[in-house]
Amino acid sequence: MQNTGLHPFPCGVFFVFIASFRRIFYHSAVMSTQPFNRRKKPPQPLKTPPSGVLTMRGSLLRFTFHNAENGFAIARFQEDLPPGEKRAAAAPDIVVTGLLPGVQPGEALELRGQWIQNPTWGWQFAIEAHSAVPPTTALGIQAVLGSGLIAGIGPEYARRIVDVFGDRTLDILKNDPERLREVEHIGPIRMEKIREGWEEHQAVAEILSFLHSYGMSSNLALRIYKVYGNDAVHKLRDNPYRLAMDIRGMGFAGADKIARAAGIAVDAPERIQAGVVHLLEEAAGKGHSFYPFDTLSEEALELLGIDDAAMVRQAVVALCKQNAGPYGPHVVAEKLPEGDKAVYLKRLHKAETSTAEHLLGLLSTGKSLRKMDPAEEARQYELDTKFELAPKQREAVEMALRGGVTILTGGPGTGKTTTVRAIIHALRKHEVPLMLAAPTGRAAKRLSETTRLDATTIHRLLKYDPKKNTFTYNELCPLPIDYLIVDEASMLDISLMQKLLQALPSAASLLLVGDVDQLPSVGAGNVLRDLIDSGRLPVVRLDTIFRQARQSLIVMNAHRINQGEFPMLIPAEETDKGRKPDFVFVEREDPEAAVEAIEKMVSERIPKAYHLDPIQDVQIITPMHRGALGAANLNQRMQAILNKDPRTLTRNGWELRVGDKVMQTENDYDKDVFNGDIGVVHAIDPSDHIVRVRFDRRIVEYPYADLDSLTLSYAITVHKSQGSEYPAVVIPVHTQHFVMLQRNLIYTAITRGKKLVVLVGTKKAIFLALKNAKITERYSGLKQRLKNYK
């Protein structure tokens, strides 16, 4: 990097500071709130600093610790020098501590606080308040612009712009951006990108100031800007409760804090309505299609701090009458066939009633299958493949070939795949128009591999049209097929099931394949279990473990766990003796010792003994997100060990590196990536504010504003692993996860492993999970609607 000639401190040194920060391992707050134990003692100011409350201006160089949840940070700060004064080559920067939510390296700040002396680390500046300030020197402007804060400007363009405009650069950006064309190599396209990036930066800064004024986390600022644009603050002041509805992660409490400060009364109807909708949205996030009115009322009284249940009832009635409520989607209240007083979000009520109607319609209409003898087709498959079907497999094949709706369920090793192949064999023989699909990309890929036919995700099957904000295939334009096979049906939530059935021709047939004993869908509903328990649909449950599958400890232990029996555990030490068991147990009582065992198992022992790639082939699957053994901490630890690439990006306290394994956390139809898709960071472009991620053979671009939909995925939760299969899985099973220790959760995690499963933790935790066979109740009316239909 060249010296600017404007100051003896070269901008290249600034970026060395930034790069060195990005190589520092970020410790999650759930691990420790005392990060100093892994740092060398920093250089200290040569003189005793003045006492009392002071203000200083300068630039944030880098973080050495940052808690993304509460904004607490320890950082290195460089104070601005008086005009004309030169900085000594060895002049130390300043250690500052305090709340710095939303601040990024390179930003110019004014800090208010006082010097304190830490007995171990010496003098530090304790921040009491801070504000962003525009840099006043050409060098400061260049440092800020070159830090990646403004889309379209990287270090080189920052130097060129400041060389031309000097300390007038910010005024040019704000008032006369067309003049950027005077800078070498800046054409109309880049000029427009810089102008838009500057406007976004200014708008986000206004949102940050607004959030700070209410003591709220600024991690949501980019999300808010993405939804509301430049008019965000005005819209938030106009109706604070829309925050809770529109912004993922905000919640009712934050929106209520703003609204209460604006003078909205505690018993205001709009506040109570917003609270009711929030609770229904929260219930949907937990998998419920509806909430019983009494439960909703009790929780609303507690949330809102009121004691009049009549107010809640009035709020529900008002929401039911609204066509499109100003505080969120309107509501449907209904007494279900078995007496439940159910309150639904309208979209979930529509999804549930539509699903029931379409299923019953499929059962009652004639099928367009070619005339065939199902029993003869099963026999012909056996002759063609020289494989004898088990009695229940033959029953399933014959049932599916009669047409209509069929459900095939069963655990690992019971022959679901073979049964599906036999069904496909007959359908293709008779040239029946057929499609295969699954809820996730990994599940679709696995279905394609096992059947040797094309399979796709349900979202791609239905072809989302972003211009119309709807699926191409629907009731008016059904899929051109006579038969649809859907694998991993336990992952189907009620909304996706509705869209799928709407696109299915009334004369088509449907085969749902899945393991009902696995965890239910992440989204609302309990579709597969409701369909089975309703008694209205033909179901075949495979329960015989085939001889070849019985040789796998993964399969045998999965069935033992599902039946409440303790698994057969092989000590991990056996792998050091040249053996390669497919089910291994590493016993560790202390959580930190368990984390270290996982680190070593993933990075060293599994690659050495099983010749598997630690990033591509090994997946950590954990019951929880938080805690030492949670996904958040394990991701940080594994990133530090497995990926030391210096090309990094730091946003809101977490670091992204080229080569990182990442997961998409929400459906993005415009990018054609969906919740649970796993990719690898391919490139980071700090100039254009773009991160490129490779999903299989496709590169997807993420503007910085969209990065909150990505998360590291060296470790993922059990729910996020559904529908996927990995060569090796490593599963923490520890009493630290006590509240999540459930039989079906451990069963689901184990069945994700194809060649190797490693449990790390305690036998006590495994025993507790086996004892907890209670299936968490989900409020869903689908079973009642199907069961009681006349």
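**View 1. Asn-744 and the residues it touches.** Leaving aside residues up to four places away in sequence, Asn-744 touches Asp-517, Gln-518 and Leu-519, where a contact means heavy atoms within 4.5 Å. This is a predicted model, so local features need pLDDT of at least 70 and side-chain atom pairs count only at pLDDT 80 or more, while totals for chains, interfaces and linings use all residues. Numbering runs from 1 along each chain as its sequence is written, and side-chain values use heavy atoms, with hydrogens and water left out. Asn-744 sits in helix 25, residues 743-750; helices are DSSP runs of H or I with at least four residues, strands are runs of E with at least two, and both are numbered from the N terminus. Is Asn-744 buried or exposed? Asn-744 is buried, because its relative accessible area is 13% (buried is under 20%, exposed over 50%, partly exposed in between, with a 1.4 Å probe and protein chains only).

**View 2. Helix 25 against helix 21.** Now for the partner helix: the axes of helix 21 (residues 553-562) and helix 25 come within 9 Å and cross at roughly 170°. Those axes are lines fitted to C-alpha atoms over the stretch in contact, and the angles run from 0 to 180 degrees between N-to-C directions. The two helices are therefore roughly antiparallel to each other, a label used for angles over 145 degrees. On the helix 21 side, Ile-554, Ala-558, Ile-561 and Asn-562 meet Arg-743, Ile-746, Tyr-747 and Ile-750 of helix 25. The residues of this contact split into 6 nonpolar, 1 polar and 1 charged (nonpolar is Ala, Val, Leu, Ile, Met, Phe, Trp, Tyr, Cys and Pro; charged is Asp, Glu, Lys and Arg; the others, Gly among them, are polar).

View 3. Strand 8 (residues 341-345) is mostly covered, with 4 of its 5 residues buried. Strand 6 (residues 290-292) runs antiparallel to strand 8 and is joined to it by 3 bridges; pairing takes at least two DSSP bridges between two strands. Phe-290 has Tyr-344 in strand 8 as its bridge partner. Strand 7 (residues 331-335) also pairs with strand 8 in the antiparallel sense, over 5 bridges, and Val-331 stands opposite Leu-345.

**View 4. The hairpin of strands 7 and 8.** This hairpin has 5 residues between the strands. Which residue takes a positive phi here? That's Gly-339, with a phi near 100°.

Note on methods: Angles under 35 degrees count as roughly parallel, over 145 as roughly antiparallel, 65 to 115 as roughly perpendicular and the rest as oblique.
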